[in-house]
Amino acid sequence: MPTNQDVAEKLNLVFQLMQLAGENRFKVIAFDKASQTVKGMSDDINSYIENKNLTDIKGIGKSIAEDIYAYAETGEMPVLEAFKEKVPVGLLKWLEISGLGPKNILKIHKEFGITEISELKELIENGELAKLSGLGGKSAEKIKKSIEWMEKFDERCRLDEAIAIAEPIFDSLKDLDGVEDIEIAGSLRRSKETIGDIDILIGAKEEFISDLFDVFTTHERVTEILGRGDTKSSVRTKEGRQVDLRIVKPENFAAALMYFTGSKEHNVVMRSRARQRGLSLNEYGLFKLNSDGETDWDTPQPFESESDIYKQLGLNWVPPELREDRGEFDIFEETEEFPLIEESDIKGVIHAHSTWSDGKFSIKEMAEACIERGYEYLGITDHSKTAAYAGGLTVDEIKQQWEEIDQLNEEFKKAGTNFTIFKGIESDILADGSLDYEDDILAGFDFVIASVHQSLDMPRDKMMERFRNAIKNPYTTMLGHPTGRLLLKRNGSDIDLNELIELAVEHNTMIEINASPWRLDLDWSFGNKARETGLVTSINPDAHSTDGIDDIRYGVMIARKGKYSKDRVFNAKSAEEVKAYFNGK
Ligand code: DGT
Ligand code: CA
Ligand code: CA
Ligand code: ZN
């Protein structure tokens, strides 16, 4: 019997292959929607399969239902097999190469019969690719550069990818015999936006170690055992990521957790604080220094917890997100309470797309998904007219959309649902920094997110002028994804964010933290600047589907890392407060 996950994965693969094959847009979207629906379902899909009533599920049409029945019966999904014939699965990875669209990918594949990116790189290097029309000179150079970037970044993965790997492995270990303590450590515990390898730490007595490593190294995601020692095992998962599991004595757990959480920079300061107090701090614990200034292993200092170790070194407990040696020592010498934004503080969803532009769900469906998740409001922001490639809205369409929103709000009111949809727009910042509509239209929105989507690689001074104009524009409520970076894929624009943050504060313009795990932009490393200047952010999912709303989770992780408390997060305000703010602006 297939699991929901199996079915969702198969449908998603069809979706991706269809995209590559250049299938009709509506068919492609249908598979994407169906896959997301199945992934998010709480009941077992098999009960629908048995009752032959899959089409009762919203988002699954008749033809996809047939595909799923066939899959359940035979273990193969005919539509998937058909597409695999047309487009080899290996080509999917090519979609990540910028400068190479689906059409050219298929053309190259047909002409040269290759499916590996390494083979493509060879073709470029020996000049063969240039023989295909439209792929010579400049575009070949661009493709080659992009491949080199990808190779470089293969060493790391995004935060969401790391979580998706770490959590199931963590869950498979946490209740096993002998596990007294268990935590995810390393960069993942610190909520870094990209992760090298995943580190898991267990506190257990020696007699349990071997069994625990057995479970770990035979986990269903593991494809390769990279090493197995007495206290550490490393594996590679089917996603190509490395996971390290270390098992320490329960009494060493707190010290080891601190050590393996890092960062290295944070640890360096901690060790020097220990030395100043005549102590030595390492992964095994806290010891006295002998007269030669070396660790005296016979003098372990007792400690109860991480917090206790920090106390002994003159500090309050430092939340893992802040352990980067970026001012946390000054703060936690003084403060015990340093409140950081929490997911439960978020009251509404700002920055979401609907079918009016490039979103996959209607405004109503997006609103219902927000209500389901307990939010009080939704700020819809479809693309503006210049973004024609993303279905940007004409002035006429905006007026129709406003009517629809008024109507929906009226319906909510009548039904006694305490929920508000705000009228927003994600306006392109044009090349000269102006927004994408005349003032009388801009004035009709509740709020405006101003984002750059084109010509991201302008020279720094031109780009800065562009941003300055957008920030100063009285209709700009907030900047969207300021650098435009796509993590591990594309660098952001060359801009001076410190200056822009100051200017934004001066003009009462916010800067979003785009919570898409591809972006996480504004970056957390500007957190100190934001805090000093009093910048207000909004943690925005930039959702293009109902699922996308849940990306807020990653935005909150990054906002915490950037030291934001809830009073500097706009969408931690209630619907009433937000309404009052929009009316005032
Ligand atoms: P990553 O994996 O590149 O995303 O980053 P981390 O921080 O997870 O680094 P990783 O996995 O190499 O090591 C995990 C932690 O262990 C690291 O944050 C601090 C600690 N650690 C590892 N090696 C050293 C070292 O040579 N010196 C110090 N002070 N700490 C280390
Ligand atoms: Ca790591
Ligand atoms: Ca590691
Ligand atoms: Zn955008």
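**Asp-197.** I started with the exposure of this residue in the predicted model. Asp-197 is partly exposed, with a relative accessible area of 24%. The cut-off for buried is under 20%, so Asp-197 does not count as buried. I then checked Asp-199. Asp-199 is buried, at a relative accessible area of 10%.

**Calcium ion (ligand 3).** Next I looked up which residues coordinate the calcium ion (ligand 3).

**Two calcium ions.** I asked how far apart the calcium ion (ligand 3) and the calcium ion (ligand 2) are. They are 3.7 Å apart. Asp-197 coordinates both.

**Ligand 1.** Asp-197 turned up again here. Around ligand 1 I found 16 residues, and Asp-197 is among those that come nearest, along with Arg-156, Ser-187, Arg-190 and Gly-196.

I went on to the arginine side chains. A polar side-chain atom of Arg-190 lies 2.9 Å from an oxygen atom of ligand 1. For Arg-156, an N or O atom of the side chain is 3.0 Å from an oxygen atom of ligand 1. Arg-271 has a side-chain N or O atom 3.3 Å from a nitrogen atom of ligand 1.

I noted the area next. Ligand 1 exposes 590 Å² when taken alone, and the protein buries 72% of that. Ligand 1 takes up the space of the second largest pocket.

Notes:
Residues numbered from 1 in each chain as written. Chains lettered and ligands numbered in written order. Predicted model: local features only at pLDDT ≥ 70, side-chain atom pairs only at ≥ 80, totals over all residues. Heavy atoms only, no water. Donors = N, O, S within 2.8 Å, 3.2 Å for Na, K, Ca; no water. Buried < 20%, exposed > 50% of the residue type's maximum accessible area, 1.4 Å probe, protein only. Near = heavy atom within 4 Å. Polar contact = N/O pair within 3.5 Å; in protein donor to acceptor, adjacent residues only side chain to side chain. Areas by Shrake-Rupley, 256 points an atom, 1.4 Å probe, with all protein chains shown as cover. 1 Å grid on protein atoms, 1.4 Å probe; cavity = no way out; pocket = protein on both sides within 12 Å on 5 of 7 lines; lining within 4 Å. Sits in = over half its atoms within 2 Å of the grid points.
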